[in-house]
Amino acid sequence: MNFEAHFQAALDGLKERGNYRVFAELQRRRGDYPHATRYLPDGSTQDVTVWCSNDYLGMGQHPDVLTAMHEELDRSGAGSGGTRNISGTMHVHRLLESELADLHGKEAALLFNSGYMSNWAALSTLASKIPGCVVFSDALNHASMIEGIRHSRAKFHVFKHNDVEDLDRLLSQYGPDVPKLVAFESVYSMDGDIAPIKEICDVADKHGAMTYIDEVHAVGMYGPRGGGVAEREGLMGRLTVIEGTLAKAYGVVGGYIAGSKALCDFVRSFASGFIFSTALPPAIAAGALASVKHLKESPFERKRQQERVQKVRAALRATGIPQMENPSHIIPVMVGDAKKAKMISDWLMEHHGIYVQPINYPTVPVGTERLRITPGPVHSDDDIDRLVKALSDIWGQCALHRVEAAA
Ligand SMILES: *Cc1c(COP(=O)(O)O)cnc(C)c1O
């Protein structure tokens, strides 16, 4: 086989459909976020404003986080030196796990190297190591959850997105003796909608099912201490497992699950994705710990984020730029065409130094291509004015669909 020709043909296909991914090469500048330097292919640079980051609260630049990382680096050095089992468990890992257990009101927490790995490893372990377990997975669950469930080889059903009746119907097919696991998210990252957590827990309880919630797009941002939507709604105690990331609102990297002592110990003892991978560097764990601690105490970043989101939404509404309404901090600006979404994104970058990544298939369904805007406490009024004006310009130039302007 001509392997090179195969690779090239597959890539050409992506390009033809407008789905070829081009990465923007950035240099974040400490203290200056959301402003960054972009490196172009010809070696020149450009000043840009980042509008699509998942460092939702700017914690990746927070002085407490940076200080904790510097101090831990100077104290411990670079890496952890091993898997958790073989010399890699640092004191700071244990401190971070206690902090996360406390955040979610659980007995224990278990750290992973990423949120992806925590979902993949925890779900695949639970579903494969509970004999006869059947999994019920929301239709819009993240790839890391789907991969984990598939890898378990457990039987699984996909229920209609956020549809409690469909979930109930699927669960009803199984008797009370069949172990069941319901896996879903709180804030869905592409539409920004929020799951009916209480209703899902009610149905799961009725059928004696475990509940596993991914709060990756909510931890740090919702609830009085940043414990997520389940904390805000007083539901943390009803969830068997709460999964989160340290990479998005907490601004560093890493993932975790929180749950009972026995459950976390079970995953710790059986999950290959936990056992066979070198533990997070201590400086990373220290930065994440400082970030979680800070956001437990400080509502400032959360409040300011919500206020910035409302400001961007109002400005978009006033210019008739179509946005998907939702109750979260994520603003999907709908384009509906892969090539147009990419063209708008390129134009914003080239002419205005505004960086919003287009979101295309397979991340979202064909025909719902969009720009996903994530305002944060770091965006100034001036940043917002420039964003909305630039979007309005390109909407006019391309004769794109507008919705009726509302003040
Ligand atoms: C980003 C994401 C993850 C993975 O988390 P990382 O820490 O980035 O690996 C898991 N679930 C959802 C819903 C995500 O959006």
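Does Phe112 count as buried or exposed, and at what relative accessibility? At 2% relative accessibility, Phe112 counts as buried, a term that stands for under 20% relative accessible area, with exposed meaning over 50% and partly exposed the range in between (1.4 Å probe, protein chains only). The model examined here is predicted, so local features need pLDDT of at least 70 and side-chain atom pairs count only at pLDDT 80 or more, while totals for chains, interfaces and linings use all residues. Residues are numbered from 1 along each chain as its sequence is written, and side-chain values use heavy atoms, with hydrogens and water left out.

A look at the aromatic residues comes next. A pair of aromatic rings is described by the distance of the centres and the angle of the planes. Rings of Phe, Tyr and Trp (its six-membered ring) are taken to pair if their centres lie within 6.5 Å; planes under 30 degrees apart count as stacked, over 60 as edge-to-face and the rest as tilted. The structure holds three such aromatic pairs. In one of them, the ring centres of Phe112 and Phe274 are 5.6 Å apart and the planes stand at 75 degrees, so this pair is edge-to-face. Because Phe112 belongs to strand E4 (residues 108-112) and Phe274 to helix H11 (residues 272-275), the pair ties together parts that are 162 residues apart in sequence. Here helices (H or I, at least four residues) and strands (E, at least two) are DSSP runs, numbered from the N terminus. Phe274, at 7% relative accessibility, also counts as buried.

Phe136 and Tyr174 form another edge-to-face pair, with 6.0 Å from centre to centre and 75 degrees between the planes. Phe136 lies in strand E5 (residues 134-138), whereas Tyr174 lies in the loop between helix H7 (164-172) and strand E7 (180-185), so parts 38 residues apart in sequence are tied together by this pair. Both Phe136 and Tyr174 are buried.

Charged side chains also meet rings. The charged end of Lys15 sits over the ring of Tyr20, 4.5 Å from its centre, where the criterion is NZ of Lys or CZ of Arg within 6 Å of the ring centre and within 35 degrees of the ring normal. Arg28 likewise lies over the face of Tyr33, at 4.5 Å from the ring centre.

Finally, four strands form an open sheet of mixed pairing in the order E1-E2-E3-E12, two strands being paired if DSSP finds at least two bridges between them. Strand E1 (25-28) and strand E12 (354-355) are the edge strands, each pairing on one side only. E1 and strand E2 (residues 35-39) run antiparallel and are joined by four bridges.
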